[in-house]
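Dear colleague,

I am handing over a structure for you to look at, and my notes on it follow below. Please read them with the sequence and the model side by side.

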Amino acid sequence: MDPLFTVAPPSAEIAGDARRFPIRRIFCVGKNYADHAREMGGDPTREPPFFFSKPADAVVAGTAEIAMPSRTANLHHEIELVVALGQGGANIAPEDALGVVFGYAVGNDLTRRDLQAEAKAGGRPWDMAKGFDHSAVLSPIRPAAEIGHPSNARIWLAVNGGMRQDGDIADMIWPVADIIAALSTYVELKPGDLIYTGTPAGVGRIKAGDVVEGGVEGVGTIANRFV
């Protein structure tokens with residue numbers, strides 16, 4: 001049957017490749033760094049990871065000018081290592097998990113913090129706090145075949161040149177292989193899925209006119225102006 005209309009599928013840039021990475025789904029890990037769990041009032045012990053989602057078309061390039069979102073007075077940055085899957089599966093064993101990874105990127109999980117706080121207080125979903133337009137900043141994806149699987153690398157973010165977040169991905173409570181394995185027990189993962197792996201401490205407010213820069217050593221950088 002012919003569709004009523006055609007919708008262009010979301011995709012992301014692959015570093016050094018004219019082809020693009022088709023995006024199927026976006027999953028995010030909550031409170032995956034102990035210091036961030038503490039700053040958000042959580043328990044940093046190694047409890048099972050929890051996940052939330054963003055729509056695939058929330059992705060915006062790590063060099064784009066981004067309009068300030070509506071319905072918030074407290075937009076926050078969250079710098080993250082992002083995993084791009086080239087294969088999938090269900091109930092993937094941790095020792096097999098890195099085999100489904102296509103590559104890695106740098107992300108900024110933009111958050112309407114005030115709406116998130118309201119949702120938490122009311123026991124409601126986070127969708128409008130996390131899944132709004134242009135809420136998933138993404139650098140070009142670097143293939144694992146070129147850079148390997150980073151496990152020790154500086155992760156940082158600065159606003160207008162002032163450092164806000166500065167950590168190491170080695171401090172993740174749940175490393176990449178464990179994240180993939182756990183997530184695959186909830187849903188069958190597929191090629192094109194992205195996983196934002198959590199953020200270190202130092203999340204904070206972004207205002208119109210701010211320039212937000214960040215990166216993961218050996219993976220890439222982002223630099224966005226908010227207008």
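Lys31 is partly exposed, with a relative accessible area of 30%, where partly exposed lies between buried, under 20%, and exposed, over 50% (1.4 Å probe, protein chains only). This is a predicted model, in which local features need pLDDT of at least 70 and side-chain atom pairs count only at pLDDT 80 or more, while totals for chains, interfaces and linings use all residues. Residues are numbered from 1 along each chain as its sequence is written, and side-chain values use heavy atoms, with hydrogens and water left out.

Lys31 sits in the loop that runs between strand S3 (26–30) and helix H1 (34–39); helices (H or I, at least four residues) and strands (E, at least two) are DSSP runs, numbered from the N terminus. Most residues other than glycine have a negative phi. Lys31, however, has a positive phi of about 50° although it is not a glycine.

Asn91 also has a positive phi of about 50° without being a glycine, and it belongs to the loop between strand S8 (79–85) and helix H2 (94–97). Asn91 is exposed, its relative accessible area being 59%.

Turning to the sheet, five strands form an open sheet in the order S6-S18-S17-S13-S14, with mixed pairing, where two strands pair if DSSP finds at least two bridges between them. Strand S6 (65–66) and strand S14 (162–168) stand at the edges with a single partner strand each, so one side of each has no neighbour in the sheet. Strand S13 (residues 154–159) runs antiparallel to strand S17 (residues 211–216), and five bridges join them; Ile155 stands opposite Val216 in S17.
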